[in-house]
Amino acid sequence: MRIALVPLDERPVNVDLPRQVAAIAGAELLLPPAEAMPDFRTPADVRALHGWLRDLAAASGPEQADRLVVCVDTLVHGGIIPARITTDSTTAALQRLDLLREIATIAPGLRITAASLIMRASDSYSAVEEPEYWSRYGRELHALGAALHHELEADVTGGEAAAGTPATAVPDDVRSDFERRRLRNHTINLAALALHEEGIVETLTLTADDTAPYSAGSAEQVWLRHWARALPHGRDVLMYPGADEVGAVLVARALASGVGVPVWRIACGEADGLARVPNFENAPLVDSLTRQIVASGGRVAEDGEHADMVVVAHAPDPARGDFFGSRPASDAVATEATVEAVRAALDTGAIVALADVRFSNGGDPELVDRLADEGLLLRLASYGGWNTAGNSIGGAVAQAAALWAGRALGTADEAALRAALLTRILDDRAYQSGTRLAMHGAEFGGSIGPVEPAAEAAAIARITRELRAYLERILPADESWSLDAVTLPWHRSFEIGVEVNAR
């Protein structure tokens, strides 16, 4: 199978992870040329990107793609960060989205899957990934979205809003700039619903990027759900928390579409764990797990039904711990419960994925190290413990689903599976909740970045050294893998690129 992908941006989680997912099933992933891709705050070359898509649609014979997965934010705005900061008009954005209708005309047999984000409003004063005014008004804009959501709810219920709208805390020009951009992006999401209803887009996901139960993004989901209910095919639209994992999940869906529907079971060691709402999300964990499974082409087993696959969730920390700039404490009881859940799942012979969503921005060190010591870690098909719960769940589910599809097709690549698993363990556990925190003060100057070139080189050297040591620690005696490259794709501490290869 040949799957073409327009990624959300150029970072490894949006390019390398989907490529690994395709490789696990023995498929080929086609990506836009590097010069057409975004570069952090610099938008993609949309004209070049559209040209690549037109050429792809017009290809014939062995050059044809079987499926097309499109991240709308890149197609229309130039990437996830440009979607938050560019000032292109709504008219220009809609014209760019209309390329999908053109592609469907050029290649009527090409099945198109699209993903579009509901824009976040970060509860911070960091303008690294936001408009410059975020450094002064970011938290006020986040609070404004929450207050407006409360007012919307009061309109629907006939009650009173929980608090007055804090509009006076934000100057009119700032509020206007931000809300007009939200309105533009919301219009694109509505237009994507129409493309799905027309049949241009076979599968559509509308995922919420870093949100909260009461927020601007959650309010927009209310309106989008209304139209999804109103449209005859709207109930097929998938809406759930997530962002950077969406490309990998939809590549997995494309792989499964040629085989069937894998049946999953959800397991959690803590009795109330699935009911908890993770950080940066607006739905209980069980809902996010279920929706990610469906997005990847699978379904959750009925009671008593045999399951091909199991996703074990290491449930969110009730204290809402976060490895970004802090070191939350593991819980021995929760760790033991998850270890036993993993062991029980593996003993069934099913394909097992582990969604380590205990903490944000890094895997639980106690859990991962314990699994390694027990000889269970590398028996997993996949692992995810990075950034938000949606990111972790999606990456783990996608890799496991790709294995299922590859085995069903007889094309599974077990070496690619191992490389993907080791990549996530090194990134999510060894780096995110280990080396990165140890380096936060000295090498990274106590901030997310960016770092100067000399400091970056020194940081990469230390990261490489420590991750190689961790890799040697967890590998069994009969396996030999090397860590051949480490990169800081956005020249900051928050994310890394990791390349591992069998020796």
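1. Let me start with a helix. In H1, the buried residues (buried means under 20% relative accessible area, with a 1.4 Å probe and protein chains only) are Pro12, Val13, Asn14, Val15, Leu17, Pro18, Gln20, Val21, Ala22 and Ile24. Ten of the 13 residues of H1, which runs over residues 12-24, are thus buried, so the helix is largely enclosed by the rest of the structure.

2. A word on the basis. This is a predicted model, where local features need pLDDT of at least 70 and side-chain atom pairs count only at pLDDT 80 or more, while totals for chains, interfaces and linings use all residues. Residues are numbered from 1 along each chain as its sequence is written, and side-chain values use heavy atoms, with hydrogens and water left out.

3. What covers the buried residues of H1? The cover includes strands E1 (2-6), E2 (28-30) and E13 (497-502), together with helices H10 (246-257), H14 (389-409) and H15 (414-439). Helices (H or I, at least four residues) and strands (E, at least two) are DSSP runs, numbered from the N terminus. Just after H1, Gly26 takes a positive phi of about 75°.

4. Not counting residues up to four places away in sequence, Val21 touches Ala248, Val251, Ala252, Leu255, Ala398, Gln399 and Ala402, a contact being heavy atoms within 4.5 Å.

5. Is Ser296 buried or exposed? Ser296 counts as buried because its relative accessibility is 0%. Ser296 sits in the loop between helix H11 (285-295) and strand E8 (299-300). Leaving aside residues up to four places away in sequence, Ser296 touches Val249, Ala252, Arg253, Ala256, Val397 and Ala401.

6. Finally, the overall picture. The protein has 16 helices and 13 strands, and buried residues make up 59% of its 503 residues. Among contacts with a separation of 6 or more, 76% are between residues 24 or more positions apart. Along its principal axes, the C-alpha trace spans about 60 × 55 × 55 Å.

Terms used. Buried < 20%, exposed > 50% of the residue type's maximum accessible area, 1.4 Å probe, protein only.
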